[in-house]
Number of protein chains: 2
Amino acid sequence: MTESRAPHPFDAAIALHPLGECRFAGATSPVYANMAGPYGGITAATLLNAVMIDPRRRGDPVAQTVNFCGAIADGPFEIAARIERGGKYTQHWSLALTQDGQTRSTASIVCGVRGAVFTHAEAGMPEAPPPDRVAPIPAPAALRWLDAYDLRYVGGPPEFAASPFEKLRDSRSVLWAADRPARPLDFPGLASIADCFLPRIVKARGLMVPLGTVSLTTYFHATAPEIARLGSGPVLGVAQAKRMHANFFDQHMELWSRDGQLLATGAQVAWYRE
Amino acid sequence: MTESRAPHPFDAAIALHPLGECRFAGATSPVYANMAGPYGGITAATLLNAVMIDPRRRGDPVAQTVNFCGAIADGPFEIAARIERGGKYTQHWSLALTQDGQTRSTASIVCGVRGAVFTHAEAGMPEAPPPDRVAPIPAPAALRWLDAYDLRYVGGPPEFAASPFEKLRDSRSVLWAADRPARPLDFPGLASIADCFLPRIVKARGLMVPLGTVSLTTYFHATAPEIARLGSGPVLGVAQAKRMHANFFDQHMELWSRDGQLLATGAQVAWYRE
């Protein structure tokens with residue numbers, strides 16, 4: 001008799017059921033609930049999963065852009081995936097996540113055939129004590145998805161002030177991040193962790209404001225075998241904003257392996273109201 | 001009698017003629033020719049122009065991702081533009097550029113309503129001598145589009161070695177960039193300049209290798225009135241790669257106004273063969 005085990009909550013959250021004609025059915029997971037609707041990272045991972053499970057995929061994901069068009073309600077959704085064009089080296093996908101026939105998210109994903117050619121790491125990994133020397137943050141109850149990650153701030157932990165900081169703080173944070181419970185890293189896992197940084201405007205101001213990610217781009221530098229060697233991580237994440245202006249701000253991120261490989265880089269732009 | 005003047009080559013290059021049903025006709029311009037097909041920046045600007053001239057547009061462009069799916073041949077093309085979703089604060093567009101019915105580029109563009117709220121500049125502008133104290137680079141004949149820009153390297157000019165550099169160089173470049181001849185800056189102008197940095201792998205290695213941009217993302221921080229005040233620039237551009245690995249590399253960029261405002265940030269990932 002084989003022992004039956006429940007899937008990891010992450011795998012349950014990104015699971016898709018084929019509906020035919022490149023359409024899939026999925027559903028939001030309460031484990032990855034955000035303030036309203038799902039955590040953006042789990043949406044990115046679910047969209048990427050539609051490409052990962054498609055037998056027509058060629059190569060590893062290289063680039064993903066997710067546009068958050070409208071609020072995703074708790075419950076079922078559909079994803080449509082289309083190959084825009086496939087070449088010898090790259091394959092371009094377009095995806096849309098819909099609820100009640102309305103587009104809630106779109107995504108473009110580029111896969112690429114990767115090989116052992118010239119390699120060069122230019123960026124340097126930030127210095128950080130090993131993860132077991134850093135305490136995990138307690139999860140604020142309002143954000144359920146924070147429970148689904150083991151986040152250990154090495155520098156720049158978010159702090160909430162009773163009133164806004166008298167002087168704005170640096171928006172930079174450095175933290176160890178891993179799935180909780182542990183889960184072997186893969187492309188969807190990294191796609192989700194790429195969004196695990198709290199909004200930099202909150203970090204800088206010390207207060208919560210109405211906001212939402214508008215567009216999220218992640219570039220994967222690590223190949224599938226390289227990610228497989230990472231086990232369940234953790235990875236070291238770095239995030240910082242460059243400008244917050246006229247209702248929108250950007251933030252830029254890096255994900256590093258414990259042994260100093262740059263696994264992914266990316267950026268997002270988010271809306272804020274005040 | 002009014003004097004008739006030929007449009008600026010940039011405006012001629014991004015010009016689109018409505019075909020009805022959110023479709024437009026355009027054509028490549030020899031002024032912006034790259035190694036093969038058009039310079040990526042002019043493709044980004046042309047796709048953005050389809051949104052700029054659409055009377056349904058609400059707000060300023062905030063984010064643009066362009067995916068270069070296949071080579072664009074010299075000659076005519078069509079662009080289809082679709083509003084995926086429009087809300088109170090943001091409007092999401094999807095676009096496709098086709099030739100002979102085949103998708104050659106796709107793009108997502110987010111527009112946003114911008115207002116006078118909290119503003120904060122975190123990144124600092126690199127130090128640079130004024131543009132009139134820096135000599136423009138001569139344009140290599142192989143890349144026609146370089147003639148369409150006045151590029152003045154403040155630091156990190158690209159250098160080509162007879163053989164690869166013995167030691168890899170820093171991929172960072174800082175340069176003043178403006179249209180040549182001068183043209184008042186606007187969103188399409190910035191979208192194009194955002195791609196004016198030569199591939200960072202060439203800068204680091206000192207040799208040309210087969211390569212091509214796969215995906216390009218630009219976030220616009222400046223609002224329309226702020227851009228209008230810039231005149232014809234120049235803007236200060238900064239670009240640097242973080243990792244070149246397994247056939248793909250990233251590069252990250254900033255565009256600054258002369259008076260120290262961060263106008264745009266962005267990144268791209270490009271394929272390389274060897």
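**Salt bridges and the A–B interface**

A:Asp11 is partly exposed, at 31% relative accessible area, where partly exposed lies between buried (under 20%) and exposed (over 50%), with a 1.4 Å probe and protein chains only. This is a predicted model, in which local features need pLDDT of at least 70 and side-chain atom pairs count only at pLDDT 80 or more, while totals for chains, interfaces and linings use all residues. Residues are numbered from 1 along each chain as its sequence is written, chains are lettered from A and ligands numbered from 1 in the order in which they are written, and side-chain values use heavy atoms, leaving out hydrogens and water.

The side chain of A:Asp11 forms a salt bridge with that of A:Arg183 (2.9 Å, N to O); the term requires a side-chain nitrogen of Lys or Arg within 4 Å of a carboxyl oxygen of Asp or Glu. A:Arg183, by contrast, is buried, at 4% relative accessibility. In chain B, B:Arg183 and B:Asp11 also meet in a salt bridge, at 2.9 Å, N to O. Over all chains, the whole structure holds 18 salt bridges.

I turn now to the interface. How many salt bridges are there between chain A and chain B? The count is two. B:Lys242 and A:Glu254 meet through their side chains in a salt bridge of 2.8 Å, N to O. In contact terms (heavy atoms within 4.5 Å), 65 residues of chain A touch 65 residues of chain B. A:Arg85, A:Phe118 and A:Arg243 supply 13% of the area that chain A buries against chain B, more than any other three residues; buried area is the accessible area (1.4 Å probe) that two parts lose on being put together, summed over both.
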